[in-house]
Amino acid sequence: MIVLSVGSASSSPIVVVFSVALLLFYFSETSLGAPCPINGLPIVRNISDLPQDNYGRPGLSHMTVAGSVLHGMKEVKIWLQTFAPGSETPIHRHSCEEVFVVLKGSGTLYLAETHGNFPGKPIEFPIFANSTIHIPINDAHQVKNTGHEDLQVLVIISRPPIKIFIYEDWFMPHTAARLKFPYYWDEQCIQESQKDEL
């Protein structure tokens, strides 16, 4: 709580301006619910209260459970994502580890080792409820709901915020992959670009 008194006859204009600026900053960051507060995470939260969006991708429901940009996390980022039947991630890679925990549904993981000039033909892995997926650093991959019900996954990312390189197909050269940073769910919150680590 901030208490200011700016109405006395002895207040200088500098004190008044500073006090008003401090008050506006306080209200913009806390009381008015800034869209991207970096105040840390409460110990307990109801996941039903977290915002969801599809970010223009039909069939996707994305929720940032804990994030570097949104919550000030430094080592890990956690998402809850739901994919409708037939929906998928883009073919992409990133310079961080990623782990999926499949909570419900089924689908297919497409994974290509990224050691040549392009990803190449991916290996297909069936995924299902209670399975986990580990994506090695910089390996191109895609997750697709190939089942008949929603595919829901908990995604854990290391080294946030992530820089994602998107491919149009599995034979697109790495040098032609499009960098997407900040990624859609971080766009409104990212405040400064960081050096690319690839």
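1. In this note a residue is called buried under 20% relative accessible area, exposed over 50% and partly exposed in between, with a 1.4 Å probe and protein chains only. At 72% relative accessibility, N130 therefore counts as exposed.

2. The model is predicted: local features need pLDDT of at least 70, side-chain atom pairs count only at pLDDT 80 or more, and totals for chains, interfaces and linings use all residues. Residues are numbered from 1 along each chain as its sequence is written, and side-chain values use heavy atoms, with hydrogens and water left out.

3. Most residues other than glycine have a negative phi. N130, although not a glycine, has a positive phi of about 75°. Its place is the loop between β6 (123-128) and β7 (132-135); strands here are DSSP runs (E, at least two residues), numbered from the N terminus.

4. N138 is likewise not a glycine and has a positive phi, of about 65°. N138 belongs to the loop between β7 and β8 (140-144). With 22% relative accessibility, N138 counts as partly exposed.

5. An open sheet of 5 strands runs in the order β1-β2-β9-β4-β7, with antiparallel pairing; two strands pair if DSSP finds at least two bridges between them. The edges are held by β1 (60-66) and β7, each with a single partner strand, so one side of each is left without a neighbour in the sheet. Neighbouring strands of this sheet are turned by 20° against each other on average, direction ignored; the axes are lines fitted to C-alpha atoms, and angles run from 0 to 180 degrees between N-to-C directions.

6. Which strand pairs with β7 over 4 bridges? Strand β4 (residues 98-104) does, in the antiparallel sense. Within β7, T132 is the bridge partner of V101.

7. The structure holds 1 aromatic pair. Rings of Phe, Tyr and Trp (its six-membered ring) pair if their centres lie within 6.5 Å; planes under 30 degrees apart count as stacked, over 60 as edge-to-face and the rest as tilted. The centres of the F118 and F171 rings are 5.6 Å apart and their planes stand at 50°, so the pair is tilted. F118 lies in the loop between β5 (106-112) and β6, and F171 in the loop between β10 (164-167) and β11 (178-180), so the pair ties together parts that are 53 residues apart in sequence. F118 is partly exposed, with a relative accessible area of 36%, whereas F171 is exposed at 52%.

8. R93 lies over the face of F165, at 4.4 Å from the ring centre. A charge sits over a ring if NZ of Lys or CZ of Arg is within 6 Å of the ring centre and within 35 degrees of the ring normal.
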